[in-house]
Amino acid sequence: METIFMSVIKTIGVMTGNSLDAVDVVLTAFDGVNICDLAAHTLAYPAELSDRFRRLRGQLKQTAADMESFARDTFFSETVNEYTSLVARAVNELLARSNTPKDEVDAIGFHGQTCDHFPPSIAGGEPAYTVQVGNAGLLADLTGIPVICDFRSDDIMAGGEGAPL
């Protein structure tokens with residue numbers, strides 16, 4: 001009889017909602033059959049960061065989400081990097097509070113902060129899109145953990161609502 005050993009995969013999921021109130025992170029283990037949440041942590045948004053995102057959302061609407069101009073805008077890049085640093089802090093605090101070494105975590109799932117979302121159910125035949133911002137490379141650098149990102153855009157392009165899970 002052959003024995004099959006399944007390894008456990010540990011990931012950290014990051015959620016920041018439209019309310020701009022907090023970063024929620026959860027450490028989850030998967031063994032091929034079972035899913036188990038091991039620890040969770042919430043870190044409040046600083047009021048200034050919430051205000052910056054509200055301003056950024058307004059600018060995105062005014063420019064019809066012209067990401068090329070935003071890529072050159074220091075306000076945009078500073079806001080994204082401040083947000084990403086807050087996410088990294090939440091992840092690092094979760095690991096410290098749960099006594100989980102970074103090398104035990106396989107990946108961070110990071111969709112970023114939603115700035116605009118126009119899924120097929122709302123688009124009504126117009127092109128659907130979603131605008132998620134975050135710096136996955138910076139998050140990986142600040143946590144020392146690989147980051148998986150941009151899965152909402154992939155889901156929209158595949159005809160989904162941008163909420164693949």
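Colleague: At roughly what angle do the axes of helix 3 and helix 5 cross?
Modeller: Roughly 35°, and the axes come within 9 Å. Helix 3 covers residues 74-97 and helix 5 covers residues 136-143. The axes are lines fitted to C-alpha atoms over the stretch in contact, with angles from 0 to 180 degrees between N-to-C directions. This is a predicted model, where local features need pLDDT of at least 70, side-chain atom pairs count only at pLDDT 80 or more, and totals for chains, interfaces and linings use all residues. Residues are numbered from 1 along each chain as its sequence is written, and side-chain values use heavy atoms, leaving out hydrogens and water.

Colleague: Which residues of helix 3 meet helix 5?
Modeller: Among them are Val87, Ala88 and Val91, and the helix 5 side includes Leu138, Leu139 and Leu142. Contact here means heavy atoms within 4.5 Å.

Colleague: Changing topic, how many helices and strands are there in the protein chain?
Modeller: There are 6 helices and 7 strands. Those are DSSP runs, helices being H or I with at least four residues and strands E with at least two, numbered from the N terminus. Along the sequence the pattern reads β-β-β-α-α-α-β-β-α-β-α-β-α.

Colleague: And what percentage of the residues is buried?
Modeller: Of the 165 residues in the protein chain, 41% are buried, meaning under 20% relative accessible area with a 1.4 Å probe, protein chains only.

Colleague: What box do the C-alpha atoms fill?
Modeller: Roughly 60 × 35 × 25 Å, taken along the principal axes.

Terms used
Buried means under 20% relative accessible area, exposed over 50%, partly exposed in between (1.4 Å probe, protein chains only).
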